[in-house]
Each structure stands twice: as C-alpha cells, then as structure tokens.
Amino acid sequence: MGAGPIGLFSANFAHLHGLKTIIFDSLKEVGGQPKLLYPFKKIFDIPVFNAITGKELIEHLAEETQEKATFMLNHRVSEIAKDDDYFIIDNEFAVKSIIIASGTGSFTPKKFPLKVDSESEKHIHYYIREPEKFADKVVGVFGGGDSALDWALELAQQPNTKVKLVHRRNEFRGLESSIQQLKSLKNVEILTPYLPKTSSLVDNQLTIGLKEMGQADIVEQTFDEIVVAYGFRANNNFVKQWGVATSGGQIKVSQEMKTNMPGIYAVGDAAAYDGRVPVIGLGFGEAQIAITSIMRSLFPEKTLTIHSTSI
Ligand SMILES: Cc1cc2nc3c(=O)[nH]c(=O)nc-3n(C[C@H](O)[C@H](O)[C@H](O)COP(=O)(O)OP(=O)(O)OC[C@H]3O[C@@H](n4cnc5c(N)ncnc54)[C@H](O)[C@@H]3O)c2cc1C
C-alpha cells in the first residue's frame, strides 16, 4: 500500500522472490514524496548515485517495477477484512500479506485560505509537474518553508518568468542558502510579511489583495498563476480501524517490520521504531526485511535464498 520509493522497491524485491504484488496508491501517479514534493531537488544519499533528483529516482524505480507488479493507482485503500488465510482489500482484492508503505499517510495539500470561484481555482497550483508551463508568466509562490523556496528557485529558471514569493513572516523556515540565492535573482521579488486577503480574476489574471501583518492597508498584486506551498496534512491513523497499532501517527513495527496484526507489515516513513530516521536508503532495507519475513512465514518449509545473485 503506497507507491512511494519504498512501496515501489518492495514490489520489486517481492517479485525477485517470486511473489505477486498489487501496488495501490491513492494518487493517480507513483512516486510519493520525491516525485510530488521535491522532484527537482538533488538527493545525495542514495547509494550508487552520487546525486539524483527526486524525479529521476522515481523514474528509475517505476521503470524497474513496471512489469513486476499490478498497479492500482487512484485507489486509496480504505477497507481490510480477514477471510481465512487472506486479507480482502476493499472488498475486491484477496492477498496473503500486506505491506503498508504509506509514508506519512495519504497527503492533502493545505489549501489557499481564500474562497475562489472555479475559474480562479484553475490558476492555483499545489504541485508542479511541468515547470516549463510557467515560462513567460508572473507567478506567485505562497509559503515560507523549503518547498516554497525550492519552487520559487525552480520557476525562476524558466524563461521570462517573474516570481513573487509571498510569506506572512519576514523570516523563512527554509534553507538560508536558498533564501540568499533567491535574493540574488533579478526576476524574484520577495514580499513579506503579507497575508492573502482578497482575490479576483480579471482578464485571466488573479489579483490578490495582500495585507501587511500588523497593518490595515491592503496592497494588490497580480499573478498569472500562483503556487501554494503551505505544506501537507497527513497521518497514518486510518490504519487503526484495521486494528493496526500506531504511535504518533506512524505504525509500530517489530525488527522484522511486523505490525501487531499478523500478516500486516509496515516499511518506510510509515513505520515507527526507536532510532528510525526518515530516509529512503533505510526504507529500501526495511522492504528487504519485510519481504524476507513474509517469505519465511508463507513458506516455512523452504530454505530461503537470501542473495539475489543466487535466486
Ligand atoms: C523536501 C524533502 C526532502 C527530502 N530529502 C531526502 C533526501 O535527501 N534523502 C532521503 O533519503 N530522504 C529524503 N526525504 C525523505 C524521503 O522522501 C522519504 O523518507 C521517502 O519518500 C519515504 O518513502 P515512502 O515510500 O515510505 O513514503 P512516501 O514517499 O510518502 O510515499 C507514500 C505513498 O503512499 C501513498 N498512500 C498513503 N496512504 C495511502 C492509502 N491509504 N492508500 C493508497 N496509497 C496511500 C501516498 O499517496 C504516497 O504516494 C526528503 C523529504 C522531503 C519532504
């Protein structure tokens, strides 16, 4: 459950051991956090690659996994029932084991705080898949964390794009080096401390009324498009309805990545144990532990081949 990097690798490793896998994701595309939250950022701690962007990493994983699993995208797993040796997922899929690789949970972006009509909504973005579509435009990026700074930097590289970064505080939460970089760019304007208060669409452009914090006046800014990077809400508490125990919004697991429910495992950012750090390399290892554990419990009579070189 979950087609982020760890879910994808789990399916891949399961296939290597001869298991059939169905991989679900509530979103209509695979990739989890690296694809959605930081596609253009370089990751430096994936073994083998010196540096690889989030998007490239997911492309590799997706390509490797494509033929090895059945993909059920746009499918949020919501129901799990037990029927003899099987779990029945959403009344439809009978499986012997479940690996929860739901990351921090199915995430929903925090919405732009103004009520806008459907035409205006078309100019408000929560993810950016094709930054080149923002070329020649005036783009407002709203937010003060790393995502907002990353999007502003990425969009500022598009030809003839003017970026206005709007944040409600003078201080940003993101990396100082990104802030300095943004400040050095001629096509980036930083507007702080402002809160969006009004919105109207005129001639296909959004005019947003910005209120300076602590002041009564509203200044108007016009944008072709705006990108909202206020963060995401997510948690894994939905697994509680299946009897799976959680701790602080994540799933408690044993050293074999087993949850308290026999046959249900958790890996990647969804899993919680003392000392865990939310990094991809570690999640890959957890996927290997979980699949090995599944093999041992499904085929106790078999001597398990551990190394892929021997499978
Ligand atoms: C800005 C940023 C930078 C980072 N940089 C690094 C880095 O440099 N190095 C590093 O190792 N890590 C980095 N990380 C962390 C890394 O991205 C995570 O550790 C990793 O994505 C966890 O992978 P995952 O597969 O467990 O979960 P996720 O990537 O969160 O994927 C989970 C997937 O499960 C799906 N899902 C959730 N609930 C359901 C459900 N009920 N049904 C179906 N599908 C569901 C979600 O839609 C999602 O696609 C970074 C994270 C961020 C936000």
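Residues are numbered from 1 along each chain as its sequence is written, and side-chain values use heavy atoms, with hydrogens and water left out. As the model is predicted, local features need pLDDT of at least 70 and side-chain atom pairs count only at pLDDT 80 or more, while totals for chains, interfaces and linings use all residues.

Two packed helices are described by the angle between their axes and the distance between the axes. Here the pair is helix α1 (residues 5-16) and helix α3 (residues 54-65), whose axes come within 9 Å and cross at roughly 30 degrees; helices are DSSP runs of H or I with at least four residues, strands are runs of E with at least two, and both are numbered from the N terminus. The axes are lines fitted to C-alpha atoms, for helices over the stretch in contact, with angles running from 0 to 180 degrees between N-to-C directions. Helices α1 and α3 are therefore roughly parallel to each other, a term for angles under 35 degrees. On the α1 side the contact (heavy atoms within 4.5 Å) is made by Pro-5, Leu-8, Phe-9, Ala-11 and Asn-12, and on the α3 side by Ile-58, Leu-61, Ala-62, Glu-64 and Thr-65.

Ser-102 belongs to the loop between β8 (98-100) and β9 (108-109). With a relative accessible area of 14%, Ser-102 is buried, where buried means under 20%, exposed over 50% and partly exposed in between, for a 1.4 Å probe and protein chains only. Its side chain makes a polar contact with the side chain of Asn-236 at 2.6 Å; such a contact is a pair of N or O atoms within 3.5 Å, and within protein one must be able to donate a hydrogen and the other to accept it, with residues adjacent in sequence counting only if both atoms are side-chain atoms. Apart from neighbours within four places in sequence, Ser-102 is in contact with Met-1, Asn-236, Phe-238 and Ala-270.

Leu-175 is placed in the loop between β12 (162-166) and α6 (176-184), and at 47% relative accessibility Leu-175 counts as partly exposed. Residues up to four places away in sequence aside, Leu-175 touches Asp-146 and Leu-149. Ser-178 is found in helix α6 and counts as buried at 7% relative accessibility. When residues up to four places away in sequence are not counted, Ser-178 touches Leu-149 and Leu-153.

Note on methods:
Parallel < 35°, antiparallel > 145°, perpendicular 65-115°, else oblique.
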